[in-house]
Amino acid sequence: MLSRLMLWLSLWVLWLVRVFISIDRRTYMLLSAGQIQPLLARIGMMRAHAVFLKAKTRCPAYQRFLSSENYVDSGPWQLARLPVMTKENYVKKYCIEARCYDGRIPAAGVVIDESSGSSGVPNNWVRSAEERDDVKHILQLNYQLIYRDTGCILLNCFALGPWATGMNVSMSLVDVGILKSIGPDQKKLENTLTIFGPNYRYLVFGYPPFIKSFVDSTTLDLRQYRMDLIVGGEGISESLRTYLLQHFKSVISSYGASDLEINIAVETPLTIGLRRLCLTNKALSEKLFDRQTPPMIFQYNALDYIIETESNGELVFTIGRQASAAPKIRYNLKDSGGVMSHKKLAALLRQENLAIEDLGGPQSRFPILFVFGRADLTVPFYGAKVYPTDVEDIINAHPVLVKEINSFQLSSYEDEQINRRLKIHLETAKGFRTELPQNLRDLFFDGLCASNQDFREVTKMFDRSCIEVEVHAFETGPFEGRDIRVKNKYIADS
């Protein structure tokens with residue numbers, strides 16, 4: 001009885017805090033202080049328990065899921081004891097209505113989003129008015145903290161229609177700036193910048209490949225414009241960030257997923273500085289992340305999101321809000337990564353005679369989330385995993401390829417002699433002008449050896465001839481007929 005009373009008391013206090021957050025930026029800064037982080041994590045876990053209790057009694061799909069996973073509710077409650085949700089064992093197994101509380105879609109105030117289908121057939125996700133309002137407040141607060149400017153023209157180039165990111169960005173930020181929803185249309189983006197001219201400050205939202213393609217092909221002199229960029233939908237390499245910083249004052253990435261929410265975590269000066277340091281200090285990267293190539297690094301609020309790492313290195317997410325239309329409890333996105341506290345990161349840096357304060361500021365003490373990418377979107381090759389980001393880094397670091405390559409795809413296959421081969425498909429940019437290097441195979445082989453430690457180790461088992469590079473004209477071959485509204489496809493059909 002006492003524990004239940006403490007739970008609801010904590011939730012009541014939390015409600016008051018969230019009211020203040022929505023109207024007072026100083027309260028947010030208080031919550032970001034280091035001393036309060038352990039308390040926020042404990043309250044976040046209490047919220048997760050409350051969501052579990054509600055789902056166990058009011059969500060038909062979750063009730064059947066617990067039974068099918070042989071979950072027994074005995075002893076002290078522990079989040080880690082609950083079965084892990086995936087698309088396969090939960091989303092595809094139970095209908096949309098059964099996954100909602102009370103077995104039905106709420107009658108009003110609901111928006112249904114659709115995933116982009118990057119991992120197969122698109123899925124639909126039900127968002128209640130309350131959870132959309134929460135996302136709206138978080139996005140608006142992040143905008144005000146970072147840009148502190150209500151006169152920006154916000155150009156939303158994410159896919160519109162039923163896709164989660166584009167519509168949520170437009171609905172959430174219309175109150176804080178001058179919004180134009182463009183979608184991933186380069187001509188419309190160029191026309192908009194032409195019409196309104198360089199006297200405004202612009203904040204552009206979009207997928208990294210779309211933005212790169214735009215800056216490469218536009219006829220505008222972008223140096224005349226004051227522009228900041230927020231990217232999402234997929235990771236961004238530091239080489240691409242450096243390239244885009246020639247045109248944008250800042251380039252920040254946001255982490256989220258249609259399955260859960262957009263803007264779960266965001267890059268900060270601290271995380272960008274840390275990632276850039278790890279690129280030049282491979283020993284530090286290996287110490288912090290067990291890999292010589294650093295992952296994407298973000299900060300998140302443990303009050304709203306409980307993030308765990310499974311034994312196989314995959315991230316598991318719980319959203320601690322009861323107002324959602326459907327519970328998300330220990331949901332596995334199939335992203336590889338991990339979390340650590342700001343305090344732990346600072347201690348690990350001190351062991352290397354580094355001060356966390358020197359990595360960028362001002363800093364919040366929110367915990368760190370690091371993401372390597374989709375665990376199921378890699379190409380296996382002689383026991384090594386080749387990541388799309390490995391190839392992206394090679395392209396963006398090369399002065400010709402970064403301008404002349406629009407996209408790429410990877411595949412691993414066996415040839416007629418049953419030898420395993422790695423194939424890299426390159427799509428040239430629209431209006432391709434400059435001749436590509438002659439030694440593409442060597443360039444990618446050496447680049448993979450430099451960036452991917454596992455690949456470097458397995459090269460003892462094969463020679464360079466096992467790598468193939470095939471160049472395709474714009475929108476031909478495996479790139480023909482793609483849907484510009486969704487994220488790029490990086491794994492070729494075998």
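**The open sheet and its helices**

Tutor: In this predicted model, 11 strands form an open sheet with mixed pairing, and their order across the sheet is 4-3-5-6-7-8-9-13-12-11-10. Strand 4 (178-181) and strand 10 (305-309) are the edge strands, since each of them pairs on one side only.

Within this order, strand 9 (residues 296-300) and strand 13 (residues 368-374) are joined by 4 bridges and pair in the antiparallel sense. Gln299 is found opposite Ile368 of strand 13.

Two helices may be described together with these strands. Helix 12 (residues 269-280) packs on the sheet, where it touches strand 7 (251-255), strand 9 and strand 13. The direction of helix 12 makes about 155 degrees with that of strand 9. Helix 14 (residues 342-351) lies across strand 9, strand 12 (331-340) and strand 13, and runs at about 50 degrees to strand 12.

The crossing of helix 15 past helix 17 is right-handed. Helix 15 contributes Asp390, Val391, Ile394 and Ile395 to the contact, while helix 17 contributes Leu443, Phe444, Gly447, Leu448 and Ser451. By class, the residues of this contact comprise 6 nonpolar, 2 polar and 1 charged.

Technical notes. Residues numbered from 1 in each chain as written. Predicted model: local features only at pLDDT ≥ 70, side-chain atom pairs only at ≥ 80, totals over all residues. Heavy atoms only, no water. Left-handed = near helix turned anticlockwise from the far one by under 90°. Contact = heavy atoms within 4.5 Å. Nonpolar A, V, L, I, M, F, W, Y, C, P; charged D, E, K, R; others polar. Pairing = 2+ DSSP bridges. Axes fitted to C-alpha atoms, helices over the stretch in contact; angles between N-to-C directions.
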